[in-house]
Amino acid sequence: MNKFNVIKKLLTDHYKKNIIIHKSPDKGYRSRVEFGFTENVFTMYGNKNKIFLTTFDIAKKEISTLMPKLLEEIKFNDEIQNKLFQVNFRSNSLGYVMISLIYHKEISKKLIDLINQISIKLNCEIILRSKKFFYSTGTGFLEDVLNINEQFILYQTDQSFYQPNFYLLPKMIKKVKSLIKKPNDLIELYCGSGTFTIPLSKQFKRIFATENNRKSIICLEKGIKKNNIDNISYARISDDEVSELFNGRKFKRMKNIQINEYNFSHILVDPPRSGLSKNLISILMKFKNIIYISCNFDTYLRDIKLLSAFEIIDIELFDQFPNTSHVEIVSLLKQK
């Protein structure tokens, strides 16, 4: 039985309608990949075994094409290879690539000069990182242009989370937008760099977004300014701190944002694989509409059972990582 049939069967008690599945190509779909580096090859682990790579056909074409070219540039250069232990790649919708080279050593001026030359030759941004050191041949931000009925610009850094399947990302955003009925204000938790926040700003009167990652908050702020949006407020607070916020705790990080001045019609949660905390589950009971996005079906099903006062109104599955057990879930829960 494939993973989709397993999920459909386990959801039978919670959702009776047919569940739409969005498939992805099994190659060329990943816009974000991370590798180890040793002996002039990229490395990763599969089935607990170390795999050696010079290219990676699961990655976007721009990344897989650039990988052997980068190896060719650095294979005879001890200054670049020495203490290099990780190489990360990201690509945007326009095919521009950001590469991060991460070292266990101090970065020398000679290395910076070499990387500047390679960056120009390969037409990509290259970032150098070591302990307490950062250098980039560009701005350090990767700009992404998304067209979802209208155009939005989003930002990411080499250390911020960003949805890795470029093929399915616009479809996920469109699905979330379609779930919104009778909107007023939105509160969003785990908002990241604003992947859903910024496109949803056109549908809600006001949005209050929360995120605990500093880099993601910087990207969100940059995206708000770039898109000329004036109805999004945000704070760097965790999910448990959101629970404390609703229970009356004051945070300096909230600045002048007054939570009791909002009229929330919806809450959107997109938690990590660990799912929702018990404290947050109790806060969700205050809302009529929950948009729950999940990357882990096991914790999603656990949380759905705990949210027994709600029923699933709409749910779709997105095969973010073909040929793996992983599935992304987009759903709308409504109070019974």
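This is a predicted model: local features need pLDDT of at least 70, side-chain atom pairs count only at pLDDT 80 or more; totals for chains, interfaces and linings use all residues.
Colleague: Why is Asp303 called buried?

Modeller: The relative accessible area of Asp303 is 0%, and buried means under 20%; Asp303 is therefore classed as buried. Its place is in helix H10, residues 297–306.

Colleague: What makes the pair Asp303 and Tyr292 a polar contact?

Modeller: The side chains of Asp303 and Tyr292 are joined at 2.6 Å, and the cut-off for a pair of N or O atoms is within 3.5 Å. The side chain of Asp303 also reaches the backbone nitrogen of Leu276, at 3.0 Å. Leaving aside neighbours within four places in sequence, the residues in contact with Asp303 are Gly275, Leu276, Ile281 and Tyr292.

Colleague: How do you know that strands E14 and E15 pair?

Modeller: Pairing requires at least two bridges, and E14 (residues 264–269) has three bridges with E15 (residues 289–294), in the parallel sense. Leu268, for instance, has Ile291 in E15 as its bridge partner.

Colleague: In the eight-stranded sheet with the order E1-E16-E17-E15-E14-E11-E12-E13, what makes E1 and E13 edge strands?

Modeller: Strand E1 (20–22) and strand E13 (232–235) each have a single partner strand, so one side of each lacks a neighbour in the sheet. The sheet is open, with mixed pairing, and its neighbouring strands are turned by 20 degrees against each other on average, direction ignored.

Colleague: Which strands does helix H5 touch as it packs on the sheet?

Modeller: Helix H5 (residues 169–178) touches E1, E14, E15, E16 (310–318) and E17 (328–335). The direction of H5 makes about 160 degrees with that of E16.

Note on methods:
Residues are numbered from 1 along each chain as its sequence is written. Side-chain values use heavy atoms; hydrogens and water are left out. Helices (H or I, at least four residues) and strands (E, at least two) are DSSP runs, numbered from the N terminus. Buried means under 20% relative accessible area, exposed over 50%, partly exposed in between (1.4 Å probe, protein chains only). A polar contact is a pair of N or O atoms within 3.5 Å; within protein, one must be able to donate a hydrogen and the other to accept it, and residues adjacent in sequence count only if both atoms are side-chain atoms. Contact means heavy atoms within 4.5 Å. Axes are lines fitted to C-alpha atoms, for helices over the stretch in contact, and angles run from 0 to 180 degrees between N-to-C directions.
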